[in-house]
Amino acid sequence: MEVESSKSGNWKHSLVYLAFITLIIHLILHKHKLSGNDTVRVKRNPNLPIRFRYDGTFKILQVADMHYGNGIMSRCRDVLDEEFPYCSDLNTTHFLNTLILSENPDFIAFTGDNIFGPSTADAAESLLEAFGPAMESGLPWAAILGNHDQESTMNRAELMSFISLMDYSVSQTNPSAEGPTSSLKGSMMTDIDGFGNYNLRVYGAPGSHLANSSIFNLLFLDSGDRAVVQGVRTYGWIKESQLRWVRGISQRFQGQTSDTDQSADALPLTIPALGFFHIPIPEIRQLYYKKIVGQFQEAVACSSVNSGVLETLVSIGDVKAVFMGHDHTNDFCGNLDGIWFCYGGGIGYHGYGKAGWPRRARVILAELGKGDKAWMGVERIKTWKRLDDEKLSKIDEQVLWDHRPSK
Ligand SMILES: *[C@@H]1O[C@H](CO)[C@@H](O)[C@H](O)[C@H]1NC(C)=O
Ligand SMILES: *[C@@H]1O[C@H](CO)[C@@H](O)[C@H](O)[C@H]1NC(C)=O
């Protein structure tokens, strides 16, 4: 029996190897034959690793709730009467292109409801159009899902795997397993809920002594879509398996802050991180009674389940700010237990909004501290918003985290 199976195992391995080689040859041949022609396409990748600039900054554009449908066929919702006749998904694309050109970000984070399933005939086509500006920019970009993305021709697993294969995307369907045995390495983690849980490390400025160290983390979590709890319909939530993973990566980072010993002094005790998920957590409601920056204009549409996200983030300490979407006409930042929670404010014209209240997007800027000769670790995190008005108005600028030594 054993001999038999190992024989057939070898045989299968050879076959896979042969298929692999054939594919490679095929690709090389075709590339050669077609030289310059784009018929054979492999995914285009951005310059990696993602890192701070020479000037010690790293800028993220948060794009919330594009709600992309069928392009020119999908009419705008909640715009002024005189704006309605010439308004479609193309206005969302135009706004996104304008934001990329004028803010010149280093990275784009799409926080869900990227496409609006009920208006989408073909999810793949809609994704290609919605993320078109990001793919054309050549910037690294990442996306997570909202509660509407899967409402057409792809389920959540298919959507994330498609998104992760798009040009310049650094999105992942789920984190890779990092088990004790090396055989697990590189394979996808399966004991985690949802699709689109992953962590991206941002490296130090080129030429600095932290150039080969990850000094900033971007944490993406799938907050699900809808659920029924004790017979009542509600929104999804971040599950314990996801929080376990978050605690795990936090521990790993605090243990190995840098690749070189001499640079460890230059870093804060914990590497700061930002979180990104779509559906707000229940505690966001409390912010109605607190000082916020921005506007609180609609009820927080969160889950009836509180799975302890805030508690977890407070206990690990590395996440300084979280960026959410889902409630398009809320665009505020508020602080809960020392962590900032910020809405993106909706960008999408086919999504609901408020007539006369411009569509908007959030910008996040991380700045490095200046050492004697070179850039150090992250020192300050700021945010502001840009409105889709004539002047592309910049509003509500604020500091979210400041780690500068007090003088
Ligand atoms: C949408 O785009 C069209 C065409 O460029 C433009 O005329 C119109 O003013 C835009 N509408 C809004 C609300 O931005
Ligand atoms: C970072 O890695 C590159 C390539 O391996 C190397 O040339 C460079 O000296 C390293 N920089 C530091 C500060 O370790």
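The following paragraphs describe the fold of a predicted model and the surroundings of its ligand.

In this predicted model, the secondary structure of the chain consists of seven helices and 14 strands. The chain has 407 residues, of which 42% count as buried. Where contacts link residues at least 6 apart in sequence, 69% of them join residues that are at least 24 apart.

Six of the strands form an open sheet with mixed pairing, in which the order of the strands is 3-2-1-12-13-14. From one strand to the next, the twist averages 20 degrees. Within the sheet, strand 1 (residues 57–63) is paired with strand 12 (residues 360–370) in the antiparallel sense, the pairing extending over six bridges; isoleucine 60 has isoleucine 364, in strand 12, as its bridge partner. Helix 2 (residues 89–103) packs on the sheet, where it touches strand 1 and strand 12 as well as strand 13 (375–387), and the direction of this helix makes about 170 degrees with that of strand 1.

As for the ligand, the residues that surround ligand 1 are Val79, Glu83, Tyr86, Cys87 and Asn91. Considered by class, the shell around ligand 1 comprises three nonpolar residues, together with one polar and one charged residue.

How values were computed: Residues numbered from 1 in each chain as written. Chains lettered and ligands numbered in written order. Predicted model: local features only at pLDDT ≥ 70, side-chain atom pairs only at ≥ 80, totals over all residues. Pairing = 2+ DSSP bridges. Helix = DSSP H or I, 4+ residues; strand = E, 2+ residues; numbered from the N terminus. Axes fitted to C-alpha atoms, helices over the stretch in contact; angles between N-to-C directions. Contact = placed C-beta atoms within 7 Å. Buried ≥ 20, exposed ≤ 12 C-beta atoms within 10 Å, placed from the backbone. Near = placed C-beta within 6 Å. Nonpolar A, V, L, I, M, F, W, Y, C, P; charged D, E, K, R; others polar.
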